[in-house]
Amino acid sequence: MSNPMEEHLAEALAEFEEARTKLTEAGAAAARISATVMAKDRSVEATVGPQGELTNLRFPTARYRTMPPAQLASVLMSTIGSARARAAEQLADVYRPFGPIPGLSPTGEGGFQELDWDALFAPLREEGLPVPPSKAPAPSSGGALLDEIVEDDDAAGTDGGPRR
């Protein structure tokens, strides 16, 4: 006769191994992400890798040679930005089966957005579990001696002498 706890543990271990295999495969797929975008005017083509890094920049026509520098810079920035957004969408698609990933956003800068820590920890708070504070605590006073030193500095002029 087998122990129910051992059976439950074996089942959990099998689920863990399956999830680990899927995550390993997803990581390999994420490492292969590449997104290429052509500018609307076909003057620039940009390719970025899985972390939004520029891996290739191509000028398929000679149009860029006649563009004013500000216009060329604008086309470059928007084309690279579009390629980064496309790579972030691909990354989100790879990891979407695992559930929502906090901070990952195809529309955020570089594929990420600011985390809402209060919303992220809300389910834990509802269960009464301890969670870290969502904001850093305000710096505390260094004690009476430090306060006195700071007051002395405030009372002194820029030359170290008393203020008038």
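Helix 2 buries L72, V75, L76, T79, I80, A83, A87, A88, L91, A92 and Y95. These buried residues pack against helix 1, strand 1, strand 2 and strand 3. The model is predicted. Its chain holds 4 helices and 3 strands, in the sequence pattern α-β-β-β-α-α-α.

**Helix 2**
- Helix 2 has 27 residues, which should span 39 Å at 1.5 Å a residue. Its end C-alpha atoms are 39 Å apart, so the span agrees with the expectation.
- An α-helix has 3.6 residues a turn, so residues three or four places apart point the same way.
- The buried set of helix 2 includes L72, V75, L76 and T79.

- The 3 strands form an open sheet in the order 1-2-3, with antiparallel pairing.
- Strand 1 (35-38) and strand 3 (54-58) are the edge strands. Each has a single partner strand, so one side of each lacks a neighbour in the sheet.
- From one strand to the next, the twist averages 15°.
- Helix 2, residues 69-95, packs on this sheet and touches strand 1, strand 2 and strand 3. The direction of helix 2 makes about 145° with that of strand 1.

**Strand pairing**
- Strands of a sheet pair through backbone hydrogen bonds, either parallel or antiparallel.
- Strand 1 and strand 2 (residues 45-48) run antiparallel and are joined by 4 bridges. Within this pair, V37 has A46 of strand 2 as its bridge partner.
- Strand 2 also pairs with strand 3, again over 4 bridges and in the antiparallel sense. E45 stands opposite R58 of strand 3.
- The hairpin of strand 2 and strand 3 has 5 residues between the strands. In this hairpin, G52 takes a positive phi near 80°.

- In soluble globular proteins, nonpolar side chains tend to be buried together.
- The largest nonpolar core has 10 residues: A26, A30, I33, A35, V37, V48, A83, A87, L91 and Y95.
- Helix 1, strand 1 and helix 2 are the elements that give two or more residues to this core. Helix 2 provides the largest share, 4 residues.
- A second, separate core has 6 residues, among them A39, L72, V75 and L76.
- V37 belongs to the largest core and is also the bridge partner of A46.

- Helix 1 covers residues 4-31, 28 residues in all. From first C-alpha to last, helix 1 reaches 41 Å, close to the 40 Å expected at 1.5 Å a residue.
- N3 lies in the segment before helix 1.
- A side-chain oxygen of N3 comes within 2.9 Å of the backbone nitrogen of M5, at the start of the helix.
- N3 has 36% relative accessibility, so N3 counts as partly exposed.

**Whole chain**
- The chain has 164 residues, and 21% of them count as buried.
- Among contacts with a separation of 6 or more, 35% are between residues 24 or more positions apart.

Notes
Residues numbered from 1 in each chain as written. Predicted model: local features only at pLDDT ≥ 70, side-chain atom pairs only at ≥ 80, totals over all residues. Heavy atoms only, no water. Pairing = 2+ DSSP bridges. Axes fitted to C-alpha atoms, helices over the stretch in contact; angles between N-to-C directions. Contact = heavy atoms within 4.5 Å. Expected span 1.5 Å × (residues − 1). Polar contact = N/O pair within 3.5 Å; in protein donor to acceptor, adjacent residues only side chain to side chain. Buried < 20%, exposed > 50% of the residue type's maximum accessible area, 1.4 Å probe, protein only. Core = buried A, V, L, I, M, F, W, Y, C linked by side-chain atoms within 4.5 Å.
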